[in-house]
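Dear colleague,

I am pleased to hand over the structure below for your review. My notes on what was found in it follow.

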Amino acid sequence: MELSIENGRLIDPANGIDEIADIHVSGSRIKAVGTPSTGFAPQRTIDAAGRYVLPGIVDLCVRLREPGEEHKATIQSETRSAASGGITSVVCPPDTLPVIDTPGMVHMIHDRAEAAGFADVHPLGALTVGLKGTQLTDMATLSDAGCVGVSNALESVENTLLMRRAMQYASTYGIPVFLTPCDPWLQGNGVVHEGVISTQLGLPAVPEAAETVGIARDIALVETSGAAAHFDLISCERSVFRLSEARQRQLPITASVAIHHLLCSESDIGEFNTQFKVMPPLRTQRDREGLIQGLASGDISAICSDHQPHSMDAKLAPFSEAATGIAGLDTLLTLAWSLVRSDQLDAKTVIAALTANPARIAGLECGDLAAGKAADLLIFDPDIKWTLDDSTMISRGRNSPWFGRELHGKVVLTVKDGSIVWES
């Protein structure tokens, strides 16, 4: 398709662009930014005046529920949800059913995502067989099959020697290791942050030390192995301090944070509101502010949705037994932009954390709008007000604390590989 998008405010942090500019697409590639070459005749021209034109979003933590839990969601339903939110590439953890620990699983996920056609899906391979933490997988084979990294998802590798060997293996083959830092003994059966709210509600708690102890161990292993490590779902200020110190020593580490940890704190749980039940749990207001500062300083590189779709019924159980997680694909950019609207972060930092930075972390050739690159982009209208409800939420998940609320700013067009995959 030959497409021109004119008069939009183009923000492309990877190339240092923030200006009113036209962008032109030919086939599956970006032809030019600015004036196209002579003879270019677009089949469609879109006036994006008053709107933002951005690179397609890269989301580093998305659970699609397929294979294994298709009753909750599917690759087709959730990549369509991603497209509605301007997300053109997603990274999925290996904790599917069965686990992504064989090349066959990787190929199956790629094939189903390609058939759906809404967004690229990049699996993480399992670090240990079955995520059981006892035997390493053939990481090199998983990487060759198309995994962008390896991870043990939310399952801890308690054996530190095994974890060290895993990092050494990954380092040898240049495979990124995605880590969700947690000491399982400190986390126990906790469901909320250890603090005032856990005491008031009488709920089992997770201390911040569960995360910071896990980070300290894994940073030490990175230092001895040389592995490139990505810490995802960082939730507390002290973790940012540890990451900052490690970056100052030029260790090959990056980090990401879920959008709900940037916007919410433990106080939002109120009287047992299970829509705010996530893991790691929402922390204090000071932690929330520390995470925002971590993005501003560069100690945290990326913002993800940590998308976990569930049916509405899954959140109706008592807090300790209710399902964990938020369905966040539809609202990722809208909620992240609220940080810009409230002057907590600048637009360049937020857009970089959603596009160029996560693309670099996952080793993907996307996240920017340079001529010749894949035409993955979106148009965002910051002034549209809309309500997240059954008629507007595309994900099959209905577990969002923003369900029923009016939101500000919406994706109106998403282009993937030069084709329009979403338009509202």
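A residue is called buried when its relative accessible area is under 20%, exposed when over 50%, and partly exposed in between (1.4 Å probe, protein chains only). Please note that this is a predicted model, in which local features need pLDDT of at least 70, side-chain atom pairs count only at pLDDT 80 or more, and totals for chains, interfaces and linings use all residues. Residues are numbered from 1 along each chain as its sequence is written, and side-chain values use heavy atoms, leaving out hydrogens and water.

To begin with the overall form, the protein chain has 13 helices and 19 strands; these are DSSP runs, numbered from the N terminus, with helices (H or I) of at least four residues and strands (E) of at least two. The C-alpha atoms fill a box of roughly 65 × 50 × 45 Å along the principal axes. Of the 424 residues, 58% are buried.

I turn next to the salt bridges, each defined as a side-chain nitrogen of Lys or Arg within 4 Å of a carboxyl oxygen of Asp or Glu. By this rule there are 19 salt bridges.

One of them pairs arginine 63 with aspartate 95, with the closest N and O atoms 3.0 Å apart. Arginine 63 belongs to the loop between β6 (57–59) and α1 (75–84), and aspartate 95 to the loop between β7 (87–92) and α2 (103–116), so this pair ties together parts 32 residues apart in sequence. Arginine 63 is buried, at a relative accessible area of 8%, while aspartate 95 is partly exposed at 30%.

Another links glutamate 237 and arginine 286 at 2.8 Å, N to O. Because glutamate 237 lies in helix α8 (residues 237–248) and arginine 286 in helix α10 (residues 285–297), the pair ties together parts 49 residues apart in sequence. Glutamate 237 is buried at 16% relative accessibility, whereas arginine 286 is exposed at 58%.

Helix α8 also holds arginine 247, whose side chain meets that of aspartate 299 in a salt bridge of 2.7 Å, N to O. Aspartate 299 lies in the loop between α10 and β16 (302–304), so this pair ties together parts 52 residues apart in sequence. Here arginine 247 is partly exposed at 37% and aspartate 299 is buried at 9%.

With kind regards
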